[in-house]
Amino acid sequence: MSELNIAELLADQLEKLLAAEVSAESLAALENGTGNRALWQHIEAMGVADVMCTGAEAAGLGWQECAELFRVLGRHAAPLPLAETLLGRRLLSQAGLAIPEGPLALVDADISLDDAGCLQGAADMISWAPWATAILGIARRGAETLLFSVAGTAVSAAATELHSLERAPTAAIDFSGMTPQAQAPIAAEASIREQLAVVRALLISGACDKVVELAVEYANTRKQFGKPIGKFQALQHQLAEASCRAAAAEMAAKYACRELDQKQPSTGAAVAKYTASVAAREVSRIAHQVFGAIGITDEHELHYFTRRLWQWRVDAGNERYWSGQLGARVLAAGSAQLWPSLTA
Amino acid sequence: MTAAYRFSPYAVPPQAEALRAEVREFVQAEASHWSGWQIAHSWTGFDRQLSRKLGERGWIGMTWPKRYGGHERSAMERYVVLEELLAAGAPVGAHWVADRQSGPLILRLGSEAQKAKYLPAICRGEAAFCIGLSEPDAGSDLASLRSKAERVEGGWRLNGRKIWTTYAQDCDVMIGLFRTGFSEAHGKHKGLSQFLIDLQTPGIEINPIRDLTGESHFNEIVFDDVLLGEDALMGVENDGWAQANAELAFERSGPDRYLSSFPLLPLALAQLGQAVDDPSIARDIGALVAELTVLRQMSLSIQNQLESGATPLQEAAITKLLGTGLEQRMPGLIADIVEAQPLRRRGDKLSEALAYLIQVEPSFSLRGGTNEIMKMIIARGMGL
């Protein structure tokens with residue numbers, strides 16, 4: 001079986017599992033802290049969390065192959081740290097470190113390792129850290145880039161619980177003074193921030209598709225002035241715009257996946273997260289306009305998606321951050337490099 | 001599930017990339033003669049001499065069969081040539097319409113005689129085509145057009161008027177849509193036919209219309225008992241609506257739908273220099289480059305689908321809507337970033353290009369179907 005078939009099969013299985021298991025009730029349970037981890041056990045049993053691991057025995061699926069997996073997670077607002085774990089296990093395998101059981105969380109912050117072997121630095125927000133058996137990050141030591149891992153149980157004293165818009169288990173952690181459980185040099189295809197940005201762009205693209213779908217369904221059923229509101233051109237035009245934004249986010253995220261697979265330093269992450277963050281903002285805005293007051297209620301499922309879109313928009317850099325990064329690179333490269341780099 | 005679009009990243013294959021350096025070198029040599037005002041015209045700049053040079057190099061009708069003067073090269077090789085020309089603002093208007101629309105239409109539906117007559121001339125860059133669709137009372141509602149063609153002994157008689165036809169005054173041939181069969185009461189989309197019309201034919205009067213820049217690109221064309229031979233009918237009688245529509249995925253997704261204002265950007269970067277410390281400028285430039293990157297990917301993805309025989313009309317409408325939106329935003333935004341006066345001043349390419357583009361950008365979301373029509377197509381595809 002070709003690798004793409006394995007990836008398609010897994011995306012399909014994951015879609016079926018999440019369609020059966022994820023609902024407004026299970027999302028609410030996660031968010032109010034009474035959720036259980038039974039769903040995570042299903043995921044582990046599927047073997048899906050290991051597919052991006054590299055090495056002789058591993059599936060070693062690339063970004064393009066896994067794009068749909070991430071989009072499925074976004075489509076269902078999956079109450080699982082699967083995206084982080086897929087990426088984390090890949091990083092561990094790339095660094096040749098042992099992979100612990102259970103979910104992982106990722107640090108998107110500047111951390112260093114001092115001469116005494118202690119970490120220095122803090123992360124002001126780590127999604128899923130309270131669930132993670134290990135927390136991974138990149139630390140600098142002189143000119144070296146090291147992947148480090150700290151046990152979930154070791155950080156609880158240094159962790160401050162946070163309530164993000166996503167309402168997934170989240171914490172701020174000050175790593176200063178901690179000794180990593182494991183560390184090893186890593187030559188990853190991109191920084192954790194870039195990789196997380198692409199992951200968030202894929203999640204956003206999946207969630208945007210879902211939100212547009214919900215809004216179209218509502219517009220075709222909700223009647224006012226004697227006809228479905230979707231018959232009004234004003235709404236059709238707004239939904240068409242939302243659909244354009246979702247399409248651009250998907251294109252941009254998949255483009256970034258291809259760039260990551262080719263392992264060249266690239267602008268893929270910046271393009272993807274800029275485009276997806278704009279889409280997250282605009283698609284959620286339009287969806288709430290279409291749904292009217294009912295979309296603002298706790299009872300309606302819309303907010304499980306739009307709150308995640310708002311959170312993911314800012315995670316790993318918002319659109320202003322990434323357009324700034326990209327623009328600075330373009331300016332520094334100079335006028336003569338513009339078109340050659342766009343067509344490279 | 002509503003519309004699931006088929007956008008996937010597509011890399012230009014190495015064989016097509018191999019052509020890029022050659023085209024870029026040619027364009028750079030030519031570009032030294034072009035003013036800022038000229039490059040801002042992009043694919044609406046009309047220069048027969050340039051078209052002939054491109055024809056000599058085999059860069060027109062690139063994908064068409066060799067027996068009709070074509071070069072049997074891949075669609076991606078053609079794409080590389082198009083985007084290199086547009087990025088530099090080359091005045092390619094004298095062959096653009098023929099290469100993009102009229103030639104492929106003739107190739108698909110024309111008679112053997114029509115192919116032999118027109119295609120080799122297009123490939124040489126010697127036959128300029130225009131499209132006769134809109135009428136004074138039929139714009140976005142194109143199917144309500146009324147100009148008619150009646151069967152007469154030995155051919156057809158045309159009466160009526162077409163409007164907004166770009167460069168009709170300089171073109172050789174028009175492919176026009178005329179009512180041949182049923183009246184509008186039978187269904188607006190029925191009974192329309194396409195005709196190949198030599199613009200030198202007696203009875204045709206071409207009246208240029210001055211636009212707001214002071215130039216005359218488009219025209220009103222009056223047909224007063226214009227007699228055409230049997231061989232003027234293009235494709236199937238009364239099937240013209242479907243014929244004209246089949247080309248739209250090509251027309252709406254090419255690089256000409258997002259690069260019309262692009263030549264401003266390298267000029268602006270050159271003026272800004274490499275040491276810019278204003279983060280808001282970096283953000284604006286970064287946003288433009290991100291959008292250009294995504295649109296190019298969308299456009300390439302559609303090109304790839306068209307190659308494999310699909311007709312991605314929804315995707316093309318999305319790409320056009322987003323692409324022309326970017327083209328329209330660029331002139332104003334760039335003028336603000338560089339704090340340039342949009343004015344015609346000899347030798348100041350950026351100011352000249354801005355002066356032209358700020359005046360014509362409103363047309364970008366009109367030509368090839370308005371934004372409102374694109375949104376209608378997208379909404380329909382979404383099941384609304």
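The entries below go from the domains to a sheet and then to the contact between the chains.

Entry on domains. I noted at the outset that this is a predicted model. I looked up the domain assignment of chain A and found domain 1 at 1–80, domain 2 at 103–188 and domain 3 at 192–334. I then checked the C-alpha centres of domain 1 and domain 2 of chain A, which lie 23 Å apart.

Entry on the sheet. I followed an open sheet of 3 strands in chain A, whose order is β4-β8-β7 and whose pairing is antiparallel. Because β4 (122–127) and β7 (159–162) of chain A stand at the edges with a single partner strand each, one side of each is left without a neighbour in the sheet. I also recorded that neighbouring strands of this sheet are turned against each other by 25° on average, with direction ignored.

Entry on the contact. How many residues does the contact take from chain A and from chain B? I read 40 residues from chain A and 40 residues from chain B. On the side of chain A that touches chain B, the elements giving two or more residues are α6 (192–221), α7 (233–261), α8 (268–291), α10 (319–333) and α11 (335–342) of chain A, and the largest share, 14 residues, comes from α7(A). I sorted the residues on that side of chain A into 22 nonpolar, 13 polar and 5 charged.

Notes:
Residues are numbered from 1 along each chain as its sequence is written. Chains are lettered from A and ligands numbered from 1 in the order in which they are written. This is a predicted model: local features need pLDDT of at least 70, side-chain atom pairs count only at pLDDT 80 or more; totals for chains, interfaces and linings use all residues. Domain bounds come from an automatic or database domain assignment. Two strands pair if DSSP finds at least two bridges between them. Helices (H or I, at least four residues) and strands (E, at least two) are DSSP runs, numbered from the N terminus. Axes are lines fitted to C-alpha atoms, for helices over the stretch in contact, and angles run from 0 to 180 degrees between N-to-C directions. Two residues are in contact if their C-beta atoms, placed from the backbone, lie within 7 Å. Ala, Val, Leu, Ile, Met, Phe, Trp, Tyr, Cys and Pro count as nonpolar, Asp, Glu, Lys and Arg as charged, and the others, Gly among them, as polar.
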